Amino acid sequence: MVAQVIDGKAFAANVRGQVAEHVAKLKEENGITPGLAVVLVGEDPASQVYVRSKGKQTVEVGMNSYEHKLDVDTSEEDLLALIDKLNNDPAVHGILVQLPLPKHLNEDLVINSIDPAKDVDGFHISNVGLLGTGQKSMVPCTPLGCLMMLRDHHGSLSGMDAVVVGRSNIVGKPMAQLLLGDSCTVTIAHSRTKDLPDVVRRADIVVAAVGRPEMVPGDWIKEGATVIDVGINRIDAPEKGEGKTRLVGDVHYESAAARAGAITPVPGGVGPMTIACLLANTLTACCRANGLTEPEGLTA
Ligand SMILES: Nc1nc(=O)c2c([nH]1)NC[C@@H]1CN(c3ccc(C(=O)N[C@@H](CCC(=O)O)C(=O)O)cc3)C=[N+]21
């Protein structure tokens, strides 16, 4: 089988188009402009690139972008004070604190100080609990983007065997909850899983989210399965010249594409969908904050 490539870049452009349409309508009919605040502590170059592209796309869909760049040794007190200010700012509908934070800051404490209604990452314990009990919540962007692509490709996911490789709070666990919500039979596998290759071979849907370059080879993939590759790993690419690098996923793309029914590429797969879903979540948060009907098809 030669896999159909799921074009996350095109899919994300479509989601952003839908968001932009709703934003325009909100402005026109209600005089409201959604606002997203992004907080970056420190100067990690990869984070800076990512924050810049979020800011740019936020403005492109017609929303307000507020960037807060804080010094790497910002105190917890100062960071919490900023979050408190953003929580109480009516122009801000979504707050994202870029992770990871410098070591001296307590990530759990910081995330849980964000107003859950503005927690567009869906990381606040209150949103985690709401998702786990099937109640309306803010859903983490990466898993939401994966779910949208899976639903688009399959229609119903009911009864499918899904294996999520990776158990992180930001991808693996919420992804499993979403798949369960769509009536998949869900397995969460991880580094201690026995017979991992055989566990993955059972899957109709494989979501790889471990952060290890090309760790899932093609011969773990069941013929015709759908493969969602969440990993974005930068590795050396001496074949491109000295000091050059390239991006690869957690899946060995070529061998997996030879067996899968459908597969997301890296780059151009899950990554762009993550940002598109961040914008969708900001719009959703804005609609909820104003008691307005939220957009269809942009939430879980
Ligand atoms: N609170 C928080 N929320 C996040 O969602 C969050 C975060 N912190 N910290 C950092 C990670 C990383 N992340 C990415 C999203 C999109 C691409 C993306 O669009 N990547 C492009 C490639 C970009 C390139 O060429 O480097 C792609 O996959 O096609 C990458 C990385 C969100 N993160």
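Select Ser47 to begin: with a relative accessible area of 7%, Ser47 is buried, where buried means under 20% relative accessible area, exposed over 50% and partly exposed in between, with a 1.4 Å probe and protein chains only. This is a predicted model, in which local features need pLDDT of at least 70 and side-chain atom pairs count only at pLDDT 80 or more, whereas totals for chains, interfaces and linings use all residues. Residues are numbered from 1 along each chain as its sequence is written, and side-chain values use heavy atoms, with hydrogens and water left out.

Colour helix 2 (residues 45-60) next, and you will find Ser47 within it; helices are DSSP runs of H or I with at least four residues, strands are runs of E with at least two, and both are numbered from the N terminus. Leaving aside residues up to four places away in sequence, Ser47 touches Leu40 and Gln98, a contact being heavy atoms within 4.5 Å.

From Gln98, turn to the ligand: an N or O atom in the Gln98 side chain lies 3.2 Å from a ligand nitrogen atom, and a polar contact here is a pair of N or O atoms within 3.5 Å. On its own the ligand has 680 Å² of accessible area, of which the protein covers 69%, as calculated by the Shrake-Rupley method with a 1.4 Å probe.

Now select the whole shell, which holds 15 residues, the closest being Tyr50, Val97, Leu99, Asp121 and Gly268; a residue is near the ligand if one of its heavy atoms lies within 4 Å of it. By class, this shell has 10 nonpolar, 3 polar and 2 charged residues, with Gly counted among the polar ones.

Colour the chain by domain, using bounds from an automatic or database domain assignment. Domain 1 (30-117) and domain 2 (141-270) both give residues to the shell, so the ligand lies between them. The C-alpha centres of domain 1 and domain 2 are 28 Å apart.

Finish with helix 10, which gives the most to the shell around the ligand, with 3 residues. Thr284 lies in helix 10 and counts as buried at 1% relative accessibility. Not counting residues up to four places away in sequence, Thr284 touches Glu294, Pro295 and Thr299.

Terms used
Polar contact = N/O pair within 3.5 Å; in protein donor to acceptor, adjacent residues only side chain to side chain.
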